[in-house]
Amino acid sequence: MPARHDPLYPALPPEAARSSVRRITVVGEEILSRRCQEVTEFGTAELSALIDDMFLTMYVADGAGLAANQVDVDLRLFVYDCPDDEGIRHTGHIINPVLDLPAPGSRRLLDDSEGCLSVPGATMTVPRTDRAVVRGLDKDGNPLVVEGTGYFARCLQHETDHLIGHTYLDRLSKRDRKDALRQMEERRESVFAQREIKAGSLARHDAGR
């Protein structure tokens with residue numbers, strides 16, 4: 001999910017400084033359309049490295065959230081660095097998430113523009129609830145509860161969708177989905193070029209340390 005830019009944010013989250021950029025999968029790749037597998041091993045160096053790589057990859061792509069299947073890893077995990085509508089920044093990861101939404105009688109749907117790092121260059125209006133709770137585990141297997149409102153609630157819903165094999169395109173009408181795919185075809189090369197520039201700039205920065 002793309003980020004909302006805030007000049008007060010640090011340019012690079014601490015998790016990203018020790019990691020590598022991974023290729024982001026694009027809609028149409030099979031891994032994005034099936035449910036991801038549960039994480040069963042915690043506290044490993046491999047899991048920590050994956051999370052660090054996901055943070056850096058998300059940063060390079062100007063993202064607010066990134067799911068593991070978006071870096072071609074079949075695991076139920078996502079990372080996020082996202083503000084809510086009050087400007088409070090939320091940064092972290094969650095494993096094997098379960099999404100809780102308000103009951104139908106008390107939920108409020110917000111229509112807002114939404115994009116996806118795996119649908120590069122396209123944005124469409126998608127209704128989401130204004131509040132969301134995700135329950136899961138951290139990388140050491142400790143329980144986590146993450147609550148979000150506004151844009152952050154949208155992020156939590158968007159990333160949890162990825163882990164059950166859905167993108168925001170699946171929430172669109174046939175006509176709007178076609179429009180989003182047209183936008184992607186027109187803009188994807190420009191988006192990829194910007195990601196390459198940012199990744200190259202980061203590599204030069206690291207080399208100069």
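If a disulfide is taken to be a pair of cysteine sulfur atoms within 2.5 Å, the count in this predicted model comes to zero disulfides. Cysteine 82 is in no disulfide, and the nearest cysteine sulfur, that of cysteine 155, lies 4.2 Å away. Where burial is concerned, residues are called buried under 20% relative accessible area, exposed over 50% and partly exposed in between, with a 1.4 Å probe and protein chains only. Cysteine 82 is buried, with a relative accessible area of 0%, and cysteine 36 is buried as well, with a relative accessible area of 4%.

Two conventions apply throughout. Residues are numbered from 1 along each chain as its sequence is written, and side-chain values use heavy atoms, with hydrogens and water left out. Because the model is predicted, local features need pLDDT of at least 70 and side-chain atom pairs count only at pLDDT 80 or more, whereas totals for chains, interfaces and linings use all residues.

**Confidence and overall arrangement**

The predictor's confidence in each residue, pLDDT, runs from 0 to 100; its mean over the chain is 91, and 89% of the residues reach 70 or more. Helices (H or I, at least four residues) and strands (E, at least two) are DSSP runs numbered from the N terminus, and the chain has three helices and seven strands, which follow the pattern α-β-β-β-β-β-β-β-α-α along the sequence. Among these elements, helix α3 (residues 174–207) has the lowest mean pLDDT, 90, while strand β1 (residues 65–67) has the highest, 98. Of the 209 residues of the chain, 46% count as buried. With contact meaning heavy atoms within 4.5 Å, 69% of the contacts between residues at least 6 apart in sequence join residues at least 24 apart.

**Helix α1 and the cores**

Helix α1 (residues 45–60) has 16 residues and reaches 23 Å from its first C-alpha to its last, close to the 22 Å expected at 1.5 Å a residue, where the expected span is 1.5 Å times one less than the number of residues. Its buried residues include Leu50, Ile51, Met54, Phe55 and Met58. Aspartate 62, found in the loop between α1 and β1, has a phi near 55°, a positive value in a residue other than glycine.

In soluble globular proteins, nonpolar side chains tend to be buried together. A nonpolar core is here a set of buried Ala, Val, Leu, Ile, Met, Phe, Trp, Tyr and Cys residues joined through side-chain atoms within 4.5 Å. Of the 17 residues in the largest such core, Met54, Leu66, Leu77 and Val79 touch the most other members. The elements that give two or more residues to this core are α1 and β2 (77–83), and the largest share, six residues, comes from α1. Apart from this core lies another, of 15 residues, among them Cys36, Val146, Cys155 and Leu156. Leaving aside residues up to four places away in sequence, valine 79 touches residues including Ile51, Met54, Phe55, Met58, Leu66 and His93.

| Residue | Relative accessible area | Class |
|---|---|---|
| Proline 120 | 1% | buried |
| Arginine 154 | 3% | buried |
| Asparagine 96 | 11% | buried |
| Aspartate 62 | 31% | partly exposed |

A polar contact is a pair of N or O atoms within 3.5 Å; within protein, one must be able to donate a hydrogen and the other to accept it, and residues adjacent in sequence count only if both atoms are side-chain atoms. Arginine 154, in helix α2 (residues 150–163), has a polar side-chain atom 2.7 Å from the backbone oxygen of valine 126. Asparagine 96 lies in strand β3 (residues 89–100) and has a positive phi, near 50°; its side chain makes a polar contact with the side chain of glutamate 38 (3.4 Å).

Proline 120 lies in the loop between β4 (109–115) and β5 (123–129). Proline 120 and valine 27 are 93 residues apart in sequence, yet 9.0 Å apart in space, C-alpha to C-alpha. Leaving aside its neighbours within four places in sequence, proline 120 is in contact with Val26, Met184, Arg188, Val191, Phe192 and Arg195.
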